[in-house]
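I opened this notebook to record what I looked up, one entry at a time. The entries follow below the display.

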Amino acid sequence: MLDGCVPWPEATAAAYREAGYWRGETLGQLLRDWAAAYDGRTALVGGDRRVTYTELDAWADRLAAGFAARGIRPGDRVVVQLPNTPEFVAVCFGLFRLGALPVFALPAHRHHEISHLCSHSGAVAYVVPDVHQGFDHRELATQVRASVPTVREVFVLGDPGPHSSLEELSATEAPVPAPDAPADASPADPAFFLLSGGTTALPKLIPRTHEDYAYQIRAASEVCELDGDTVYLAVLPIEFNFTWGCPGVLGTLSTGGTVVLARTPNPDECFALIEREKVTMTSCVPTIAHMWLDAAEWTERDLSSLSVLQIGSAKLHPEVAARVTPTLGCRLQQVFGMAEGLLTFTRYDDPLDRVLTTQGRPISPADEIRVVDSEDRPVAPGETGELLTRGPYTLRGYYRAEEHNARAFSEDGFYRSGDLVRFTEDGDMVVQGRVKDVVIRGGDKVSATEVERHVTAAHDGIQQAAVVAMPDELMGERVCVFVVPAGEPPRLPELKRLLRARGLAEYKLPDRLEVIDAFPLTGLGKVDKKALAVELAQRLAAA
Ligand code: AMP
């Protein structure tokens, strides 16, 4: 396995193979199989372009050859930051075929995040769009290249400017396997890296192996009953685990369905695509569901093809959940998931009250779950505690993060999710809260520590900063930062400008700034965030 990754114990891996969860598949080979089975059917729709399975397969080969010709080798890491386009899928499969590893960046990421992803992964290349939503990624790429010496190549979708053209790369004809390695990876190797929505100052990388992810998409597709008639609309960024493989894009491709790529979650655009492409299934976060439900009251678009709406990634309020079927005329499926692995889904035949109020059950019989108190002791059945999990598609360690891994995993390999959950008598999971210090803004995870560090460093008038979640009807939560001043602190617009200049992604910027003389402290001398949340509630009520 790639250096810096933590394998499953050998006996566990053998048991997963024995049980048929892991089948020795690689993702690059799977596309080959899908193309053989579904050849001329439409795999991807992006704008007016339609790509068949056969075309996608050949495109991935050409890209693999092109990357190899540019010196990308098996085991190399390549940061991929593309919007929802067919190119994203083709680039990933091109890299899988080569045995190189895409690192999934979000389109919203900026210099701070990208330079970290490149340097931490030791990336040799970076793939970007030219201009996306008004932002010139080529300039960002120039800066990243200058600051991260391992990044030798930048490939641009669209006008390449001073960099290389992604289109020209895929013009390379014959597949050229790297001379010193097999053309495809080993099933137990990591295929790509997802980003953790975690608590650390910088995002951790989650290695997902070929066979663990192949199993995830198979298990998720079975629960969701995908087949060749499935038309899946990718609404959230394709780099999200939710969109990519729960069952999402890959699950749909595995069953011969069609993936339609939306550029934005905007209801006007998405409803038009649902009508035009007869979309049957999609997935989104509660904030988007909320927007769609309001828009659906007025739309003249025909949404009758839609049969399932998955909602996950953040807490869904039962009142919003209850509007889904009456308003959109489709089933609701609640999804709890994490890029680290474990997925729980409500099932199509669950009674309505369970669909509206729970996050369902794990998708695999091999998912192991513990709910524990702060001393790691199992809580009584039905009680709330921290969710710990391990299983055939849940990681055993973050990439190059030995010290963090010692805290994030139990000695016997259970991942500490930081989520507080309870299980009902029926065996459904209900998310109750969390012990980890993140704000879930829409579906985006914002690490409090990361923002606090930047806020403190951004301005001389700030001595200390503490981030708390601010409840919000539409977004679920927004980011509020309390600051202890040292002189004259900046106002919110100025602080945001300074944070942008530090290269921080827009979704992490504070929505509210509160000044306080001193932070309340816990008995252990830490900043008491619960007390700060109460303080915030009082100030909001008074305002
Ligand atoms: P990510 O890895 O970015 O998908 O974030 C995973 C985290 O999102 C989980 O650990 C939870 O904190 C949160 N999460 C995911 N799904 C749900 C859900 N259905 N309800 C509440 N929180 C969720």
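**Entry 1: the annotated span.** I began with the UniProt record, an unreviewed entry, which annotates residues 455–526 as "domain: AMP-binding enzyme C-terminal". I note that the model I am reading is predicted. In this model the span of residues 455–526 is 19% helix and 35% strand.

**Entry 2: the domains.** I then turned to the domain assignment, which gives domain 1 as 27–185 and domain 2 as 438–542. How many residues does each domain bring to the contact? I found 7 residues from domain 1 and 9 residues from domain 2. The centres of the two domains, taken over C-alpha atoms, are separated by 36 Å.

**Entry 3: the buried area.** I looked up the area that domain 1 and domain 2 bury between them and noted about 520 Å². Carbon and sulfur atoms account for 51% of that area. Which residues of domain 1 lose the most area to domain 2? They are Ala 108, His 112 and Glu 113, which together make up 68% of what the side of domain 1 buries.

Entry 4: I recorded 1 salt bridge between domain 1 and domain 2. The side chains of Lys 508 and Glu 113 meet in a salt bridge, with 2.7 Å from N to O. Glu 113 is also among the residues of domain 1 that lose the most area to domain 2. Across the interface of the two domains I noted 6 residue pairs in polar contact. The side of domain 1 that touches domain 2 divides into 2 nonpolar, 3 polar and 2 charged residues.

**Entry 5: salt bridges by count.** I looked up the count of salt bridges and found 41. One that I followed joins the side chains of Glu 87 and Arg 49 at 2.9 Å, N to O. This pair links distant parts of the chain, 38 residues apart. Glu 87 belongs to helix α4 (residues 86–98), whereas Arg 49 belongs to strand β2 (residues 49–52). In general, side chains of opposite charge can pair when their charged atoms come close.

**Entry 6: backbone exceptions.** I kept in mind that most residues other than glycine have a negative phi, and that most peptide bonds are trans. Is the peptide bond from Cys 246 to Pro 247 cis or trans? I recorded it as cis, with omega near -5 degrees. Pro 247 sits in the loop between α9 (241–245) and α10 (248–254). Glu 225 has a positive phi, near 55 degrees. I located Glu 225 in the loop between α8 (210–223) and β12 (231–234).

Terms used: Residues are numbered from 1 along each chain as its sequence is written. This is a predicted model: local features need pLDDT of at least 70, side-chain atom pairs count only at pLDDT 80 or more; totals for chains, interfaces and linings use all residues. Side-chain values use heavy atoms; hydrogens and water are left out. UniProt positions are given in the numbering used here, feature names are shortened, and annotations may be inferred rather than shown by experiment. Helices (H or I, at least four residues) and strands (E, at least two) are DSSP runs, numbered from the N terminus. Domain bounds come from an automatic or database domain assignment. Contact means heavy atoms within 4.5 Å. Buried area is the accessible area (1.4 Å probe) that two parts lose on being put together, summed over both. A salt bridge is a side-chain nitrogen of Lys or Arg within 4 Å of a carboxyl oxygen of Asp or Glu. A polar contact is a pair of N or O atoms within 3.5 Å; within protein, one must be able to donate a hydrogen and the other to accept it, and residues adjacent in sequence count only if both atoms are side-chain atoms. Ala, Val, Leu, Ile, Met, Phe, Trp, Tyr, Cys and Pro count as nonpolar, Asp, Glu, Lys and Arg as charged, and the others, Gly among them, as polar.
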